[in-house]
Amino acid sequence: MQLQLPLFPKEATFISDCLGVYEKGGLVQYILNGLPVYSHPVNDYNSFRFITSNFIAQGNCLKSEVERCFHVSPESVTKWHRKFVEVGGDAFFGEDARKGGKAHKIIGDVRLRIQNKLDKGQSNLSIAKEEGLRESAIRYAIKVGHLKKSLVKAPK
């Protein structure tokens, strides 16, 4: 799925009847009933997701109004709001905000143990289970040349 970035209006634009937004000098400003309430840099998408989800949760605007104002998909707004309700701000700024998977570096004794098992013909999956790693980490290490896959089949 392709990331659909929000488009921030240069001129003051109403998100809802009491909530407005505008971008000036690389900073997005949110105004509630005429008073500034939040701001964030234009490229800080986690802050955007947090702030708009917070506004929806407080009843200051609807999901459809956020979609329409910033030209983002309904699925994205629903996902951000659900994360905000279930986890809170940590969903956007804490450990949960980390993108992607956890990369395992196979080094030292672990690499030697895995290489011995590969030399004996053991499968990547069984080695991964024994070592507490993902099979994809072993496949990647083989792909980049840190480990060598043996052509010997394991005895049954």
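Tutor: Two strands are said to pair when DSSP finds at least two bridges between them. The model is a predicted one.

The setting may be given first. The protein chain contains 7 helices and 4 strands, and their order from the N terminus is β-β-β-β-α-α-α-α-α-α-α. The 4 strands form an open sheet in the order E1-E2-E3-E4, and the pairing is antiparallel. E1 and strand E4 (35-41) are the edge strands, since each of them pairs on one side only.

The sheet can be followed strand by strand. E1 pairs with E2 in the antiparallel sense over 2 bridges, and these two strands make a hairpin with 4 residues between them. Within this pairing, Thr13 has Val21 of E2 as its bridge partner. E2 in turn pairs with E3, again in the antiparallel sense, over 6 bridges. There, Glu23 has its bridge partner in E3, namely Val28. The hairpin of E2 and E3 has 2 residues between the strands, and Gly25 in this hairpin adopts a positive phi near 60°.

On the H1 side, the contact is made by Phe48, Arg49, Phe50, Thr52, Ser53, Asn54, Ile56 and Ala57. The H3 side consists of Val77, Trp80, His81 and Phe84. H3 also holds Ser76, which counts as buried because its relative accessibility is 11%. Ser76 and Lys63 are 13 residues apart in sequence, and their C-alpha atoms are 9.9 Å apart in space.

Helix H2 (residues 63-70) brings the sheet and the helices together. Its buried residues are Glu65, Val66, Glu67, Cys69 and Phe70. Their cover includes strand E1 (13-14), strand E2 (19-24), strand E3 (27-32), helix H1 (45-58) and helix H3 (74-87). After H2 comes His71, which has a positive phi near 60°.

The cysteines deserve a separate remark. A disulfide is a covalent bond between the sulfur atoms of two cysteines. The structure holds 0 disulfides. For Cys18, the nearest cysteine sulfur belongs to Cys61 and is 8.0 Å away, and Cys18 is in no disulfide. Cys69 is likewise in no disulfide; its nearest cysteine sulfur is also that of Cys61, at 9.0 Å. The limit for a disulfide is 2.5 Å between sulfur atoms. Cys69 counts as buried because its relative accessibility is 12%, where the threshold is under 20%.

These pieces meet in the largest nonpolar core, which has 22 residues. The members that touch the most other members are Ile15, Val21, Tyr30, Cys61, Val66 and Phe70. Two or more residues come from each of E2, E3, H1, H2, H3 and helix H4 (90-93). H1 gives the most, with 5 residues. Apart from this core lies another, of 10 residues, which include Leu118, Ile138, Ala141 and Leu147.

Two figures for the protein chain complete the account. Buried residues make up 37% of its 156 residues. Among contacts with a separation of 6 or more, 45% join residues 24 or more positions apart.

Technical notes. Residues numbered from 1 in each chain as written. Predicted model: local features only at pLDDT ≥ 70, side-chain atom pairs only at ≥ 80, totals over all residues. Heavy atoms only, no water. Buried < 20%, exposed > 50% of the residue type's maximum accessible area, 1.4 Å probe, protein only. Contact = heavy atoms within 4.5 Å. Core = buried A, V, L, I, M, F, W, Y, C linked by side-chain atoms within 4.5 Å.
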